[in-house]
Amino acid sequence: MSSTMKSKVIGIDIGYIVTTIALVDIRGTILALDSFMTANYPQINSFVEQICERVVLLAEANGGFDTVRSVGVTAASANYKTGSIENAVNMPWKGEIPLALMLRDRLGLAVAVGNDAHGTALGEFSFGSAHGMENFVVISLGHGGVGSCFFSNGHPHLGCHGFAGEVGHTCVIKDGRQCTCGRKGCLEEYTSERGIIQTAREIMEESDEPSLMRSLPELTSMAIGSCCDQNDKMAWEVFRRTGYILGIGLANYASITNPEAIILTGEQTQVYKWLGPSMEESFEQHVFHNMRGKVKLVVSTLDNRERDVLGASALAWTVKEYSLFL
Amino acid sequence: MILDNMKTRVVGVGISLAKTTCAIVDLGGNIIASTSFTTTDYPIISDYVSVLCENILNMVEANGGYESIRSVGISAPSGNFQSGSIVNSPNMPWKGIVPLAAMLRDQLGIAVALANNAHVMALAEHTFGAAHGMRDFIVVSMGGGVGSSIFSKGQLHLGVDGFAGEFGHSCIVDGGRICGCGNKGCLEAYCSWKGIITTAQEIMAESDKPSLMRDDPKLEADRIVDYCKLGDELAQETYRRTGEIFGIGLANYASIVDPEAIIFTGLAAYAGKWLIEPAYKSFNEHVFHNIKEKVKFIPSHMDSHQRHILGASVLAWEVKEYSLFK
């Protein structure tokens, strides 16, 4: 019996703000793209329905639903082993959401669900800066949180329970800032958008010195960055402190995993020109001495949305085909 | 080629500052014979290699002959598997990069593998100890410093240059105690032999409370454990504080690696519940919430001397056979 291999998959990236759906072929070419605002669907059932509707429409308009092999989904706090989103701190749906199962039941196709950082790492490994590397770390510096995934001997290290890489909630300052997860001093409370804004507020309160930041209509990391461009001392101090802390977090990570490179991705990389120098200095200061000067610190050159959805599509190939309609 | 007579024995060499031990170990992990000598008697590396070689040959000739040995595995502080060298060891008499595996192979004529003590410990625990059957776990050893080793998907995770697991110098308390490496707040500054003694001294200075520790002219970290067992409050507080900081470092580690278990060797195993209980409590307060209470803490029950040798023997099986005389 001769058969034809299906050559297209669906990649879905569920972000804090936007959920993106792509039809991707075997070569990583995005054939069609669709997206909607995640927060418009605070009810998980209507969210899943919305995804399914759009997946079917996308597939039908581009070759037919039966040409799709499988689906890959990436989201924060998702677990590849259980196929669920578990206790996501920043998403609207709480508790344990059996997303892979819900999608598979409605779509009738195999579904793989993985952590967003896992998808990003696969994306960088397949199409980006980590191509050809066996041991590397991908840090996803998001607007709301920090995730990561590291590759060990050429495979993504998922850990015993599927939760590896949760560096955002490592404690970098003992008894530090209160984090949304309930603990104190977590890395992401300093490097996320809200963390940088809080640091700016703290610095402005510490002294009476003038600063362009004080007259900003809205305090955002990019706005603070533009103050840096105008040589504002306090604005630079915001990024110096943030970079110092991020450097420690990454140095501890590198000392443990000994990666060839640490690749930075995510929305917060847009402030790298101001954050980078102090982060790199802190990293070199704190990393294990035999690795000093050897770990490449790279900002991803791929477009975030494209790469994340490509990473999700790469995940789709890792599940066995399944069809309700055979 | 039809092979009728597989070699079933290897030589395991365990190098520590005090002693170098060589043993013949068979496929079943049985130690057939062993011999040892004082490492520091040979500060010149070429002398050391000659003596090591002599010891091995004499032992082997008296127990089955040279032909019965497949390969050699060496466990050394600051060892590196990729280069087969001891690299920039702060404590050993030979400085810089010492290509010990190559030197020994040239003199012995058979394959030699060399790796870090911490990595070899993990091999031993995986093959003969508490980690038997586990695929993702961490082995932590506390002694002069703090070393560790990661297993990912059943394989040792060495990292790109073979230095993975160096979490002794992760910064746990920003601006904390000065560490021997020059940085402040390293885990080792609190959770090593010396760090524990420093903590004990701090505690004794804080109050006038009586303690067995005060009368001890040469206070050692293992003696403090003995005082804990005798009910000494200040000794118990010493390990409680150490455990609290240790727990934070371990939590950060586990949030990244998500191990099934953390296995403790060295002083951590000797200190038992006095260290492990406060560490476990602090660990669960700081670890990523989805794996809270899921990671097992296991003090190793292997005899440390045996573990060193058996681990080195497992390593010996990792290199391809080689013989100068084929």
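Predicted model: local features only at pLDDT ≥ 70, side-chain atom pairs only at ≥ 80, totals over all residues.
Some overall figures for chain B. Its C-alpha atoms fill a box of roughly 70 × 45 × 35 Å along the principal axes. The secondary structure comes to 10 helices and 13 strands. Of the 326 residues, 52% count as buried. Among contacts in chain B with a separation of 6 or more, 63% are between residues 24 or more positions apart.

Now to one helix. H9 of chain B runs over residues 273-286, which is 14 residues. From first C-alpha to last, H9 reaches 19 Å, close to the 20 Å expected at 1.5 Å a residue.

Which residues of H9(B) are buried? The list is B:Trp274, B:Leu275, B:Ile276, B:Pro278, B:Ala279, B:Tyr280, B:Ser282, B:Phe283 and B:His286. What do they pack against? In chain B, the partners are three helices, H6 (221-229), H7 (233-257) and H8 (267-271), together with strands S12 (261-266) and S13 (296-299).

In soluble globular proteins, nonpolar side chains tend to be buried together. Here the largest nonpolar core has 202 residues, and those with the most contacts inside it are A:Val71, A:Val73, B:Val11, B:Val72 and B:Ile74. Helix H7 of chain A, residues 233-257, gives the largest share of this core, 13 residues.

Take B:Val72 as the example. Leaving out residues up to four places away in sequence, B:Val72 touches B:Val10, B:Val11, B:Val13, B:Leu104, B:Leu108, B:Ile110, B:Val112 and B:Ala316.

Notes
Residues numbered from 1 in each chain as written. Chains lettered and ligands numbered in written order. Helix = DSSP H or I, 4+ residues; strand = E, 2+ residues; numbered from the N terminus. Expected span 1.5 Å × (residues − 1). Buried ≥ 20, exposed ≤ 12 C-beta atoms within 10 Å, placed from the backbone. Contact = placed C-beta atoms within 7 Å. Core = buried A, V, L, I, M, F, W, Y, C linked by C-beta atoms within 7 Å.
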